[in-house]
Amino acid sequence: MESRKILALAISSIVATSLVFFSIVLAGDKTEKEEKERHRREEKEEGHKREERGLRKIQHIVYIIKENRTFDNYFGKFPGAEGATSGTISTGKVIPLGQAPDRTPRDIDHSWQAALKAMDSGKMDQFDLIGGGNQNGDFLAYTQYTEADIRNYFAYASNFVLADHMFSSLHGPSFPNHLYTVGAQSGGAINNPTSSGVWGCDAPDTSSVQVMDNVGNITRQFPCFDFHTIADTLEARGLTWKYYSPVKGESGYIWSALDAIDHIRNTSLWTDHVVPTAQFVDDAANGRLPAVSWLVVSADKSEHPPASVCVGENWTVQQLNAVMQGPDWKSTAVFLTWDDFGGFYDHVPPPQVDNFGFGPRVPLLIISPYAKQGFISHTFYEFSSVLKFIEERFGLPPLTDRDSEANDMLDSFDFDQRPLPPLILEQRQCP
């Protein structure tokens, strides 16, 4: 009997000791986990503070929007990027992407309807069925350029940042996509206005544009909208901004996005802030860049088919040389992109974030002393991502769900690196 009592006491003691031991272990594990979590939070907070401090090094943001190219059309052969050199046509056959000419023989349909057909619910295999995509077996939609054709663009990509997952904001043409570059929305517009040469609030009374609501109903309205843009937010905060564009009567005036915003076009905001494209070089060279600039150009220099790619690239080089040779280079970030797919093939299915987009990929070059050198960003961007960058830099609220949810492009910057020097390039002799 006595031995059983002793055994019971021993077992109880062992159990109690074990419970204490496991309690200590569990408490230690919990403490260790809490400590790791606290450390992660502190690292994250420090990272945010570092980014904020780094962002303050950027005093000037330049947003250059050119015309009608896909990523595969320009950078499908860029080493290390997610490009393609072949594409699937509507028969299911895979064909090599042909050599694109400096001047294409025609413009390819890149309307809302054409984009949906070409994308074919993400199969990306009907670019040959859209208007102008394939005539007499030339498969113009399935062509691309080489480094020899756009060597200066390849030079920027090699020395700064090339983004290979930049998507057009809307699967459609210029007018609505340009609106995303100022407002993170298109006011529901899904196509170009019916008028030729003049869009927006300056369009003739007979002009209309297709507008779609959030459930897919399509109606028509005059192409003059009145939604809030980031230019309004900048103005309200006392931050400087300019929109450099062709003037009324010049080709390319159709791409002057703020012409479609009534409270800007028809007030002093227009006369005070919307200036001729040619003024940019002078402002950049003489240290007069505002906090935020948009820059669009006339049709002959825009790379919009059938315009010369070489002439367009030379114009871009002229603008960037002016920035890099001017006193503001050390505090500038340039975002150079193309406004829509232009009917050209791209192999990456765009994510569908809402009824409007995304549309096919477009090229994006990020050029700054603090851009990661030779970096290829695989992060998903869209035109609203540049607005997100502007908002984070200057502490501005988002405009819509698009810029609120967009990736902010900070992965493409290193604000602790030694600032990159200017890359002054020579303009090319065009064919």
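Mentor: The model is a predicted one, and in it the largest pocket has a volume of about 480 Å³. Its lining is made up of 24 residues, and those that lie nearest the centre are Tyr180, Val353, Asp354, Asp401 and Arg402. Two elements give two or more residues each to this lining, namely strand β16 (381–382) and helix α12 (401–405), and α12 provides the largest share, with 3 residues. Sorted by class, the lining of the largest pocket holds 9 nonpolar and 9 polar residues, together with 6 charged ones.

Tyr180, one of the residues nearest the centre of the pocket, also takes part in a contact between two helices, where Asn177, Tyr180, Thr181, Val182 and Gly183 of α5 meet Phe383, Ser384 and Leu387 of α11. The residues of this contact comprise 4 nonpolar and 4 polar, with no charged residue among them, whereas the lining of the largest pocket does include charged residues, 6 in number. As for the geometry of the pair, the axes of α5 (residues 174–183) and α11 (residues 383–394) come within 7 Å and cross at roughly 15°; since angles under 35 degrees count as roughly parallel, the two helices α5 and α11 are therefore roughly parallel to each other. The crossing in which α5 passes α11 is right-handed.

Note on methods: Residues are numbered from 1 along each chain as its sequence is written. This is a predicted model: local features need pLDDT of at least 70, side-chain atom pairs count only at pLDDT 80 or more; totals for chains, interfaces and linings use all residues. Side-chain values use heavy atoms; hydrogens and water are left out. On a 1 Å grid over the protein atoms alone, a cavity is a set of points where a 1.4 Å probe fits but cannot get out, and a pocket is an open set with protein on both sides within 12 Å along at least five of seven lines; lining residues have an atom within 4 Å of a point. Grid points are joined across faces, edges and corners, and a volume is the space filled by probe spheres set on the points. Helices (H or I, at least four residues) and strands (E, at least two) are DSSP runs, numbered from the N terminus. Ala, Val, Leu, Ile, Met, Phe, Trp, Tyr, Cys and Pro count as nonpolar, Asp, Glu, Lys and Arg as charged, and the others, Gly among them, as polar. Axes are lines fitted to C-alpha atoms, for helices over the stretch in contact, and angles run from 0 to 180 degrees between N-to-C directions. Angles under 35 degrees count as roughly parallel, over 145 as roughly antiparallel, 65 to 115 as roughly perpendicular and the rest as oblique. A crossing is left-handed if the near helix is turned anticlockwise from the far one by less than a right angle, and right-handed if clockwise. Contact means heavy atoms within 4.5 Å.
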